[in-house]
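Subject: Structure handover

Hello,

I am passing on the structure below, together with notes on what was found in it. Please look it over before reading on.

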Amino acid sequence: MPQTVPNSPMKGDAEAIPYFRQAIQLDPNFALAYEGLGVAYGNLGELSLSLESMSKAYALRNRVTERERLLIAAMYNMSGSGDLDQARQAAQAAVRKSPTFGFARARLAELEFSRGDVAAAAEALGHALTLAPRNAQAL
């Protein structure tokens with residue numbers, strides 16, 4: 001049975017939302033909680049709530065590590081501003097910063113697919129799955 005994480009679609013984005021909200025209540029400057037909340041809302045089709053959360057994460061991105069900042073920028077530019085070129089640059093920078101971090105490669109794969117480059121998406125996802133074969137987020 002595959003392992004899941006709280007905000008994965010396999011576990012349920014709706015179930016993850018209260019945990020993200022609780023984390024934000026405990027720390028209103030928790031950028032990654034806003035990013036996770038934005039992803040969960042986006043997966044559920046709540047686009048205005050997703051954009052609101054992603055915008056807050058992006059505004060707080062200077063409070064996290066460089067790798068996290070790059071991933072927040074990639075997600076915000078992909079789903080928030082719609083600037084796929086900026087999103088791709090941020091995702092590629094995250095992969096260069098942490099080449100063995102499967103999650104960064106999975107985000108790059110998602111972005112490449114959104115841009116219509118299926119071959120690049122398949123390559124990035126293949127790397128992500130090699131690095132983290134049991135990580136549901138890499139799917």
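Which helices do the buried residues of α4 pack against? They pack against α2 (31–43), α3, α5 and α6.

Overall picture

Please keep in mind that this is a predicted model. The mean pLDDT of the protein is 85, and 88% of its residues reach 70 or more. Residues 1–10 are the stretch to treat with care: pLDDT stays under 50 there, although the model has 21 contacts beyond four places in sequence for these residues. Where pLDDT is low, the predicted coordinates should not be read in detail.

The protein has seven helices and zero strands, which gives the pattern α-α-α-α-α-α-α when read along the sequence. Of its 139 residues, 42% count as buried. Among contacts with a separation of 6 or more, 43% are between residues 24 or more positions apart.

Helix α4 and its partner α3

Helix α4 covers residues 66–81. Its buried residues are L70, L71, I72, A73, A74, M75, Y76, N77 and M78. After α4 comes G82, with a positive phi near 80°.

Helix α3 (residues 47–59) packs with α4 at an angle of about 145°, and the two axes are 9 Å apart. The crossing of α3 past α4 is left-handed. On the α3 side, the residues that meet α4 are L51, M54, S55, A57 and Y58. On the α4 side they are I72, A73, M75, Y76, S79 and G80. By type, the residues of this contact comprise eight nonpolar, three polar and no charged.

S50 is also found in α3. Is S50 buried or exposed? S50 is buried, because its relative accessible area is 7%, which falls under the 20% cut-off. Leaving aside neighbours within four places in sequence, S50 is in contact with G38, Y41 and G42.

The nonpolar cores

The largest nonpolar core has 16 residues, and the members that touch the most others are A91, A94, A104, L108 and L111. Helices α4, α5 (84–97) and α6 (102–114) each supply at least two residues of this core. The helix that gives the most is α5, with six residues. In soluble globular proteins, nonpolar side chains tend to be buried together.

What does L111 contact, once neighbours within four places in sequence are left aside? The list is M78, L84, A87, R88 and A91.

Helix α7

Helix α7 (residues 118–131) contains E123. E123 is exposed, because its relative accessible area of 53% is over the 50% cut-off. The C-alpha atom of E123 is separated by 9.8 Å from that of L108, and the two residues are 15 residues apart along the chain.

Regards

Technical notes. Residues are numbered from 1 along each chain as its sequence is written. Side-chain values use heavy atoms; hydrogens and water are left out. Axes are lines fitted to C-alpha atoms, for helices over the stretch in contact, and angles run from 0 to 180 degrees between N-to-C directions. Helices (H or I, at least four residues) and strands (E, at least two) are DSSP runs, numbered from the N terminus. A crossing is left-handed if the near helix is turned anticlockwise from the far one by less than a right angle, and right-handed if clockwise. Contact means heavy atoms within 4.5 Å. Ala, Val, Leu, Ile, Met, Phe, Trp, Tyr, Cys and Pro count as nonpolar, Asp, Glu, Lys and Arg as charged, and the others, Gly among them, as polar. Buried means under 20% relative accessible area, exposed over 50%, partly exposed in between (1.4 Å probe, protein chains only). A nonpolar core is a set of buried Ala, Val, Leu, Ile, Met, Phe, Trp, Tyr and Cys residues joined through side-chain atoms within 4.5 Å. pLDDT is the predictor's confidence in each residue, from 0 to 100.
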